Amino acid sequence: MTTTPTDVISEALGHRAGKVIAVHLSYASRAAQRGRTPAQASYFLKASSSIAGPGTVTRPEGTELLVFEGEIALVIDTAARNVTEEQAWSHVGWVTAGNDMGLLDMRAADKGSNTRSKSGDGMTPLGPVLLDASRLDPARIGLRTRVDGATVQDDSSAGMLFSLPHFIADLSRFMTLEPGDVILTGTPAGSSVLVPGQSVSVEVYSLDDPGLSTGELTTTVVAGPPLGPTGAQPAADDAQRVDAWGSPEAAGLEPSPAPWVLTEELRRRLGGLAVSTISSQLRRRGYPDASIDGVHPLVPGSHMVGTARTLRYIAYRPDLFASHGGGYNAQKRAIDAVGEGEVLVMEARGLSTAGTLGDVLALRAKVRGAAGVITDGAVRDAAAVAGTGLPVMCASTHPSVLGRVHVPWETDVTITCGGTTVQPGDVIVADDDGAVVIPPALVTEVLEAGEQQEDAERFIAEMVAAGHRVDGLFPLTAAWRERYETWRQSQH
């Protein structure tokens, strides 16, 4: 169905669009960019008068942060109230391209409501074609955004933290979603700022049939007169500029200090140390409880080195499991978010009577390049998990699903696993002896001291093998240390 450039919804329904509900943070790529992953979806409202078709949008004089956010837009066709996720998609009549534009110079004045920053006239372009929702798989809808012809966003509903039906079911618990209501389902990474003269185009299409497409929804920014003098005036600080542009560099600001990175060289050298050596070095530095106790490799001989991502389970409670245990829960979000060279560490309260990882999720983590998974709970489908080749450490194996005792609760928070604290970004090293947690600030110091320790222990082992007594050799006395230094020079 082709639509007019002024109101794509009214042509389909015969009346004006209703509520416009926008999702805050919904894509894994955007969450990674922002450095936070929400446990639940959150929303805000936009005025229906902000809806427009392809055309122009005005950036008032005296403002600088007009942003675009390419999105998949859902248009409700039949009223939905207290519907399940399984029922939700049948209430969607159409899917179209949306652009959740905003004037972020007004965000501070709105104090979180987005009323003025997001509801200006023309700030919700939709169209140009409405796609029949019944012809689309909600998990297979693509989204592409271009600025002046260059692709800046390329993602799909498969990359979302929450499914499209989830938003409908969630919102319908509180309000009746009525025919003509629009749900803007959030934007992936790549959103940024536009200036007068630039054009942004958003396209939504079926991943299964790329010919099933909305075409490009194009909006051109034009300069306009300043806002009137009544009320709060536009204001922007560097923090808001970074948020709008996506990075300090894009905003023309001094870049933030580079985050600490576990380089390939550090990873290789840590992998050459025994966990027992690292444990000794941490104890000498005031960290006697750095080991994740009670876990062992699912497959003997497994080894892992990586930075930590975290997942926390809480004790089973029927109402909380109903709200957090099903669908795209925290466990699944954690698996989908774990990246190349990362170790997912699970706090399962040391309970060995329910699985916290199975074969499908282990395979997903393996495909994503995870360095491993550690849980102080149980693993189910143990043989199949082992067969994926993903290094796994666990307290036990058990056939039961996690819902027997757990609720998947939150990700990327500080947790306690096997009696020790683990924070996202900590460095995890594990072998047959167990697993240890190294604070990033100590990695280089522990590594260098550990290498020296293992050098000395190789010398001591050679001397013992040659028939020398351990007295005075282990630990080294001054005389033996002199011989060790001579030996070390010969080795290097």
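## L74 and its surroundings

In this predicted model, L74 is in contact (heavy atoms within 4.5 Å) with W89, V92, W94, V95, L164, I168, D181, V182, I183 and T185, leaving aside residues up to four places away in sequence. Residues are numbered from 1 along each chain as its sequence is written. Local features need pLDDT of at least 70 and side-chain atom pairs count only at pLDDT 80 or more, while totals for chains, interfaces and linings use all residues, and side-chain values use heavy atoms, without hydrogens and water.

## The nonpolar cores

L74, V95 and I168 have the most contacts inside the largest nonpolar core, which has 34 residues; such a core is a set of buried Ala, Val, Leu, Ile, Met, Phe, Trp, Tyr and Cys residues joined through side-chain atoms within 4.5 Å, and buried means under 20% relative accessible area with a 1.4 Å probe, protein chains only. Among the elements that give two or more residues to this core are β6 (70-76), β7 (92-99) and α6 (164-172), where helices (H or I, at least four residues) and strands (E, at least two) are DSSP runs numbered from the N terminus. The most is given by α6, with four residues.

A second, separate core has 22 residues, including L311, L344, A348 and C394.

## A buried serine in a loop

S191 sits in the loop between β12 (182-184) and β13 (192-194), and is buried, with a relative accessible area of 5%. A polar atom of the S191 side chain lies 2.6 Å from the backbone oxygen of F68.

Technical notes:
Buried < 20%, exposed > 50% of the residue type's maximum accessible area, 1.4 Å probe, protein only. Polar contact = N/O pair within 3.5 Å; in protein donor to acceptor, adjacent residues only side chain to side chain.
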